[in-house]
Amino acid sequence: MGAQALANSAFDIVTTLNRESMYHSPVIRAVYARIRQLAHLATDAADHLIDAEDILIHAQSEQPMELGDGFLAVPSEQDARQEIGRRFTLVSELTALGASDAVASAEQYVAEHRHYGYQTEHQPPALSRTQSSTLHAIARGEVTISDGRPYHRREGVRFSISTIRALESRGLITREDCHLWLVDERVHLSPAGRRDLSASFAHPRAAALATTRPAALRSNGIPTPARSR
């Protein structure tokens with residue numbers, strides 16, 4: 001189950017971090033708290049999904065189940081659908097910020113690592129600005145594909161399918177089929193994508209190349225106006 005796997009991964013991360021001999025600054029303590037919170041929220045989400053499956057099984061087999069206060073009854077199909085829908089809504093709300101919180105925590109952790117002199121083993125990949133922003137969006141779980149076109153959950157953010165293919169050809173992302181309404185494929189970071197993205201966190205960007213010549217100084221020290229070609 002995806003929610004339980006997410007919870008297990010979050011607890012594994014906490015265990016791994018506990019093995020590191022690093023000063024627990026306020027930033028690092030906040031990272032720990034966010035990861036633990038994500039683990040517990042994912043565990044609660046997994047419990048709701050298990051309950052939803054149990055309700056469906058009892059309704060289909062017409063078996064009585066506890067409906068609260070020790071009362072046993074066979075749930076009707078309509079009641080089962082309503083309760084399952086409520087559970088799915090809770091799961092969505094519990095995990096809505098999970099991916100973005102995970103990315104934010106990773107960025108904070110890497111930045112704090114660099115602050116105390118730790119260096120990553122990998123260098124950040126050479127990506128265009130669009131490719132870099134797309135990789136970040138994919139890490140936050142914001143990118144899906146429908147009818148061969150990528151879709152970003154945030155309004156006003158656009159990129160082409162060629163950007164997705166470029167990242168895919170470099171082995172940084174993967175796709176998986178998805179059968180949700182208006183969604184054909186989900187896009188995820190590959191292990192190489194996670195490694196390269198984390199290497200780019202808190203890494204200083206190279207200065208942009210100048211596209212115009214600096215103004216020449218007159219003898220009195222005042223810049224001369226640039227002439228158009």
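## The largest nonpolar core

The largest nonpolar core contains 18 residues, of which Leu-135, Ile-138, Val-143, Ile-164, Ile-173 and Leu-189 touch the most other members. Helix 5 makes the greatest contribution, with 4 residues. These descriptions refer to a predicted model.

With neighbours within four places in sequence left aside, Ile-138 is in contact with Val-143, Ile-164, Leu-167, Ile-173, Val-187, His-188 and Leu-189. Another core lies apart from the largest one; it has 10 residues, including Val-14, Val-31, Ile-35 and Tyr-109. In soluble globular proteins, nonpolar side chains tend to be buried together.

Helix 5 is largely enclosed by the rest of the structure, because 8 of its 11 residues are buried. The buried residues are Gln-131, Ser-132, Thr-134, Leu-135, His-136, Ala-137, Ile-138 and Ala-139. Leu-135 and Ile-138 in this list are also among the residues of the largest core that touch the most other members. Just after helix 5, Gly-141 adopts a positive phi of about 70°.

## Packing of helix 5 against helix 6

The axes of helix 5 and helix 6 are 10 Å apart, and the two helices pack at an angle of about 80°. Helix 5 is therefore roughly perpendicular to helix 6.

On the side of helix 5, the contact involves Thr-130, Gln-131, Thr-134, Leu-135 and Ile-138; on the side of helix 6, it involves Thr-163, Ile-164, Ala-166 and Leu-167. Classified by residue type, this contact has 5 nonpolar, 4 polar and no charged residues.

## The chain as a whole

The chain has 7 helices and 6 strands. Read from the N terminus, its elements follow the order α-α-β-β-α-α-α-β-β-α-β-β-α.

Of the 229 residues in the chain, 30% are buried. The chain exposes about 15600 Å², and carbon and sulfur atoms supply 53% of that area. Where contacts between residues at least 6 apart in sequence are considered, 59% join residues at least 24 apart.

## The loop between strand 3 and strand 4

Asp-147 is placed in the loop between strand 3 and strand 4. The phi of Asp-147 is near 55°, a positive value in a residue other than glycine. With 68% relative accessibility, Asp-147 is classed as exposed, since the class begins over 50%.

Gly-148 lies in this loop as well, between strand 3 and strand 4 (149–152). Its relative accessibility of 46% makes Gly-148 partly exposed. Gly-148 and Ser-160 are 12 residues apart along the chain, and their C-alpha atoms are separated by 9.9 Å.

His-48 belongs to helix 2 (residues 26–61). A relative accessible area of 18% places His-48 among the buried residues, for which the limit is under 20%. Not counting residues up to four places away in sequence, His-48 touches Arg-87, Leu-90, Val-91 and Leu-94.

Glu-20 is found in the loop between helix 1 (2–18) and helix 2. Glu-20 has a relative accessible area of 32% and is partly exposed. Its contacts, not counting residues up to four places away in sequence, are with Tyr-109 and His-113. Tyr-109 is also one of the members of the core of 10 residues. In the loop between helix 2 and strand 1 (65–66) lies Glu-62. Glu-62 has a phi near 55°, a positive value in a residue other than glycine, and is exposed, with a relative accessible area of 62%.

Terms used: Residues are numbered from 1 along each chain as its sequence is written. Side-chain values use heavy atoms; hydrogens and water are left out. A nonpolar core is a set of buried Ala, Val, Leu, Ile, Met, Phe, Trp, Tyr and Cys residues joined through side-chain atoms within 4.5 Å. Buried means under 20% relative accessible area, exposed over 50%, partly exposed in between (1.4 Å probe, protein chains only). Contact means heavy atoms within 4.5 Å. Axes are lines fitted to C-alpha atoms, for helices over the stretch in contact, and angles run from 0 to 180 degrees between N-to-C directions. Angles under 35 degrees count as roughly parallel, over 145 as roughly antiparallel, 65 to 115 as roughly perpendicular and the rest as oblique. Ala, Val, Leu, Ile, Met, Phe, Trp, Tyr, Cys and Pro count as nonpolar, Asp, Glu, Lys and Arg as charged, and the others, Gly among them, as polar. Accessible areas come from the Shrake-Rupley method with a 1.4 Å probe; for residues, only the protein chains shown count as cover.
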